[in-house]
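Biologist: Hello! Could you walk me through how the two chains meet here?

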Amino acid sequence: MKTTMSTLPGKAAIAGIGATEFSKRSGRTELRLAVEAVRAALADAGLTASDVDGLVTFTMDTNSEIAVARELGIPRLSFFSRINFGGGAACATVQQAAMAVATGIAEVVVCYRAFNERSGHRFGRVSAAAAAAPTSNGIDASWSYPMGLGTPAADVAMFARRYQHVYGATSEDFGRVAVAGRRHAAVNPNAWFHGKPITLEDHQTSRWVVEPLHLLDCCQESDGGVALVVTSAQRAKDLPHPPAVIAAAAQGSGPDQFVMTSYYRDDLLGLPEMRIVGDQLWAQSGLRPGDIATAVLYDHFTPFVLVQLEELGFCGPGEAREFIAGGAIEMGGRLPVNTHGGQLGEAYIHGMNGIAEAVRQIRGTSCNQVGGPVLVTAGTGVPTSGLIVTGPGID
Amino acid sequence: MNSIEAEAGRLKALGESEPRLARDPVNEPMINNWVEALGDRNPAYPKFAPPAMVQVWTMYGLNGVRDADDPLGAMSKVLDAAGFTSVVATNCEQTYHRYLRPGEQLAVTTRLSDVVGPKRTALGEGWFVTTVSTWYVDDEPVAEMMFRVLKFRPPEPSGSVLRPLVNQDTEFFWQGTAKRELRIQRCPDCRRLRHPPGPFCPVCGSATPEYVLASGRGSIFSYVVHHHPPIPGKRLPVVIALVELEEGVRMLGELPDVPPDEVWIGQEVVVDWSRVDSELTLPVWRARHD
Amino acid sequence: MTELPELKIHTTTTFVVSTALATRDFQDVHHDRDAAVARGSQDIFLNILTTTGLVQRFVTDWAGPEALVRNISIRLGVPCYAGDTLVFSGTAKRDGKDTVVDVVGKCSLGDHVTGTVRVAGT
């Protein structure tokens with residue numbers, strides 16, 4: 001384990017957040033969504049396109065940095081970067097931006113993610129393109145896709161079945177994550193499922209997608225875009241909103257790592273890549289799990305929310321079902337999780353909407369206000385990333 | 001009443017087909033061939049014919065053509081046209097009134113007894129077609145057979161199976177499946193087995209991996225039952241199992257023949273082969289019952 | 001209740017082919033491996049007339065030449081491919097003047113055949 005002290009904490013902050021509406025059919029191009037989100041984030045930060053000198057997105061994003069820069073009229077970029085591994089990239093885009101800002105490579109970096117994931121290319125379907133990619137990832141996919149395991153839900157279900165078998169977790173334990181998310185989304189006007197909470201019975205009676213996952217264990221598919229403006233903590237203090245200071249930012253990939261199918265490790269019970277992220281977050285921030293007020297845990301599928309609680313140290317291995325059974329992850333609980341409704345309730349914007357919620361918690365503007373520090377995670381089952389954001393008072 | 005039931009009713013009402021004579025009378029050479037092939041040393045033969053041979057005497061043979069009034073043939077045509085194109089025999093019950101001796105000339109008639117469906121079965125939606133055949137020597141009925149088949153519609157897979165990418169690091173595996181060999185990469189130096197394979201040994205760094213043949217036996221480490229969305233080339237729901245092989249490595253594959261609610265973690269399986277085409281054979285798992 | 005001695009048959013390719021022909025069953029899936037594979041089977045497999053004959057043999061091997069087989073009633077399960085081993089087991093009980101034998105024939109894929117055989121005499 002690396003013991004060198006990171007110089008990143010406290011150097012950068014998220015000063016602006018922006019998003020399009022979240023829908024099932026945006027009716028416009030992904031580039032238009034990206035640019036709308038970036039413009040909204042810049043307006044939120046009180047900055048203009050000419051202030052931007054860096055752009056970061058996901059390798060999966062279809063909108064090139066130069067196309068976004070052209071549409072915005074950004075005259076000069078000194079930093080542009082992309083992060084691999086699907087939703088695992090979300091918090092790492094902010095880490096990239098923070099590192100660029102902390103090292104003086106760039107002053108204002110915008111992280112963006114925009115897609116028509118529901119009305120266009122749907123990630124929940126079997127992707128023949130992913131299976132045929134002429135890369136090492138395509139070779140990796142050859143051990144699962146031809147055998148009939150070819151959707152993210154199926155990949156997670158394989159893990160979830162083993163987790164249930166060893167720890168005695170039930171479908172209802174997974175369902176409590178969905179119930180909490182939908183309860184939070186119900187009071188969020190921007191959430192697709194605004195005003196539509198569910199019961200555990202709704203979850204149990206929803207159709208099978210891939211056993212042991214019901215439909216309501218799976219996040220939505222959404223059209224939309226989210227952008228985040230990252231600048232120095234110093235500069236952020238002079239901007240309109242209280243800065244969400246980046247107290248820690250980390251990436252992680254574990255032993256014998258695959259994309260969604262890390263089935264060849266000794267056990268199939270944890271997310272070692274998330275533990276690697278968590279260890280760095282605690283080391284960088286000096287915080288402990290008990291210090292975290294709110295968590296935004298990546299919820300493409302409910303079982304991995306339980307595992308993240310375990311890997312991040314909020315409870316012991318196999319204990320998440322007991323941890324959440326008492327309502328700990330709902331408003332008023334020990335650790336409210338996904339107060340915006342998560343990707344189960346608000347929208348699936350590849351984790352970027354969760355980072356925006358963390359910023360609202362720091363600002364005090366969430367629909368389900370709790371406060372900071374806030375821990376955010378990115379896609380699970382893949383190499384991933386995480387953040388801890390705090391108010392300007394903590395450094 | 002739908003057209004299948006209507007046609008079944010019509011065929012049932014026709015009753016027995018015209019008697020069809022056996023090509024040869026009951027005879028010692030064919031009895032001897034039969035007992036030799038089956039290894040039956042019962043000394044009652046060939047003075048008598050083995051009773052289970054009764055159907056043999058009236059088989060159509062190599063170039064035979066089914067009689068136009070054969071009710072199973074007629075009913076199959078109707079079901080084929082309705083899309084129930086696959087067939088599997090499910091039950092056979094033979095009753096022998098007496099033993100037959102060489103020299104006796106048999107004739108057989110068949111009638112349609114029942115057509116029941118549509119039923120949902122593990123193989124797909126289908127109809128159970130039951131016929132009753134009676135063998136006569138002159139006017140004397142000597143044996144009867146109830147024969148039931150399931151005519152079913154194989155659920156249509158959408159598209160064709162996604163094909164693996166194959167490169168120099170992985171071709172040994174797919175060359176193996178083509179020969180119905182399950183190959184596991186092995187490091188020649190530290191002997192570590194590894195799946196999925198790669199160009200180096202991640203433990204000792206050896207760059208010249210070889211492979212060993214797996215026994216093909218293992219147990220289910222985890223599994224899923226996939227309902228949605230469609231998977232190219234697969235009939236849903238489909239069980240996909242992550243199997244831990246005896247040798248210690250894990251491997252994914254379909255478990256085609258076990259109903260989803262009869263699968264469990266720890267279940268013993270053995271590899272089998274699903275030939276997609278001349279270029280691709282996939283490993284699949286079968287439940288082991290030994 | 002009497003347990004019958006086990007009957008083990010190695011269903012070699014030769015066995016599958018010679019029994020198919022001895023029962024005058026010329027369907028290609030019982031003698032042509034390429035054709036069987038092309039139809040989705042893993043190999044050629046035993047035909048039903050042979051299965052019925054083996055069930056009868058299993059019972060008469062035990063009951064002896066005096067026993068008269070009155071009825072064979074079978075349910076067909078998984079295919080028995082060339083190269084497999086088919087193992088018959090059974091239990092016999094009296095039913096009036098007859099003896100009824102419950103028979104199971106298992107191969108590596110599971111139950112190939114289950115059924116009952118009614119014999120008279122002895």
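Modeller: Gladly; let us begin with the contacts, meaning heavy atoms within 4.5 Å. In chain B, 36 residues touch chain A, and the residues of chain A that they touch number 38.

Modeller: This is a predicted model, where local features need pLDDT of at least 70 and side-chain atom pairs count only at pLDDT 80 or more, while totals for chains, interfaces and linings use all residues. Residues are numbered from 1 along each chain as its sequence is written, chains are lettered from A and ligands numbered from 1 in the order in which they are written, and side-chain values use heavy atoms, without hydrogens and water.

Biologist: What percentage of the area buried between chain B and chain A do carbon and sulfur atoms give?

Modeller: Buried area is the accessible area (1.4 Å probe) that two parts lose on being put together, summed over both. Between chain B and chain A this comes to about 3200 Å². The part given by carbon and sulfur atoms is 70%.

Biologist: Which residues of chain B lose the most area to chain A?

Modeller: Three residues together make up 22% of what the chain B side buries. They are Leu162(B), Leu165(B) and Leu252(B).

Biologist: How many salt bridges does the rule find across the interface?

Modeller: The rule asks for a side-chain nitrogen of Lys or Arg within 4 Å of a carboxyl oxygen of Asp or Glu. Across the interface of chain B and chain A, the number found is 0.
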